[in-house]
Amino acid sequence: MAKQTKYSNRTIPKISLHDFDTRIDTIAAELVAAAETDGFFAVVGHEIPWHDVSAQFAQAERFFALSDVVKSTVPFTRQNTGWEKAAQVRPSTGQPDQKESYQMQFRKASLAFMRKAHVVSEKLMICLARGLGFDDDYFVRAHDITDPDIQTVLRLLHYFPLNPAARVPDTHSRAGAHTDWGLLTLLFQRPGESGLEICPGRDVFTEFALGDTWTSVEPIEGEIICNIGDLLMSWSDDRFKSNFHRVRTPRDPTVDYFGPRYSMAYFNQPVRSCRIQGPLKKYPTISGAEFIQAAIQRNYAALEARMALDRI
Ligand SMILES: O=C(O)CCC(=O)C(=O)O
Ligand SMILES: [Fe+2]
């Protein structure tokens, strides 16, 4: 039997970016408080009209509607880009997420949308840099999307629909619990397509937060959910903890959403050559390339350990 999850209704801090230039200090203070205490937040009052978000979701739907044969012409690669289907096994579950995803760098149709997501990201980076005592453009420069060595990606996700009348196997997982590797993830969701759950890093005492208390985050039009990633945790000398999150597998037809879920995650990941070290120098300096490689290796090592345990 799948373990019972404990839930609580945490408040979701909403940070508005309206009148950014004149309100920057207020926004920075709100952001630091949310990052430090709540561990995650939603951004509103940004400049991405819902129409643009919907149009990008429509692109994602068109992509995922293509045959697997066509999609397999852009396979997932070690460069962390491309298409995968039911192939991402999480160390937290030992099972492949029942979804497909397409992870892209700055390419044609999606370019305009990614630029807009980046404009929002840069505003957040300026505030975070200010909050940590760095120069305003410190994180912005380290995540310069015009640098050919940038590792930032937009990930389109499609979770497969399930039949509410059939029993969903215990092993079925939509997206297993994890933290993101990068600085900050901007997560776009469509109203009604629920399932996202979070457990802020500060409240995590068990492995992958599986025995801790989770909160459901309902998608709301216009809101961007921001997940603090491992990179920001390390770069802030652990002041801002990375946020555990997952997508719940629907099991109860009276409350859960069984339809397909589309979401989009904009992962702010650093330029390969940038140097990473927090203001207190808690950890040795490493490069953007080393940080992301180490994160990927940690993930596979944890997965192997999990698989070895499952075989016993
Ligand atoms: O689909 C979602 O809402 C979550 C996706 C996610 O966490 C990820 O791809 O890292
Ligand atoms: Fe994630």
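Me: Which residue in strand 10 is the bridge partner of Tyr 7?
Reply: In this predicted model, strands are DSSP runs of E with at least two residues, helices are runs of H or I with at least four, and both are numbered from the N terminus. Strand 1 and strand 10 (residues 213-216) pair in the parallel sense over two bridges, where pairing requires that DSSP finds at least two bridges between the strands. The bridge partner of Tyr 7 in strand 10 is Trp 214.

Me: What is the mean pLDDT of the protein?
Reply: Residues are numbered from 1 along each chain as its sequence is written, while chains are lettered from A and ligands numbered from 1 in the order in which they are written. The predictor gives the complex an ipTM of 0.99 and a pTM of 0.95. In the protein, 99% of residues reach 70 or more, and the mean pLDDT is 94.

Me: Which strands stand at the edges of the open sheet of five strands?
Reply: The order in this sheet is 1-10-9-12-7, with mixed pairing.

Me: How many residues of strand 11 are buried?
Reply: A residue is buried if 20 or more other C-beta atoms, placed from the backbone, lie within 10 Å of its own, exposed if 12 or fewer, and partly exposed in between. Ile 225 has 23 C-beta neighbours inside 10 Å and therefore counts as buried. Ile 224, Cys 226 and Ile 228 point one way from strand 11, Ile 225 and Asn 227 point the other way, and all are buried. Strand 11 is largely enclosed by the rest of the structure, because its buried residues number five of the five.

Me: Which residue stands opposite Ile 228 in strand 11?
Reply: Strand 11 (residues 224-228) pairs with strand 3 (residues 40-44) in the antiparallel sense over four bridges, and there Val 43 stands opposite Ile 224. Strand 8 and strand 11 also pair in the antiparallel sense over four bridges. Opposite Ile 228 stands Leu 184.

Me: Within what arc do the buried residues of helix 2 fall?
Reply: The buried residues of helix 2 are Val 53, Gln 56, Ala 60 and Phe 64. The face turned away from them carries the exposed residues His 51, Ala 58, Arg 62 and Ala 65. Taking the directions from the helix axis to the C-beta atoms, the buried residues line one face of helix 2, because they fall within an arc of 80°.

Definitions and conventions. Predicted model: local features only at pLDDT ≥ 70, side-chain atom pairs only at ≥ 80, totals over all residues. pLDDT = per-residue confidence, 0-100.
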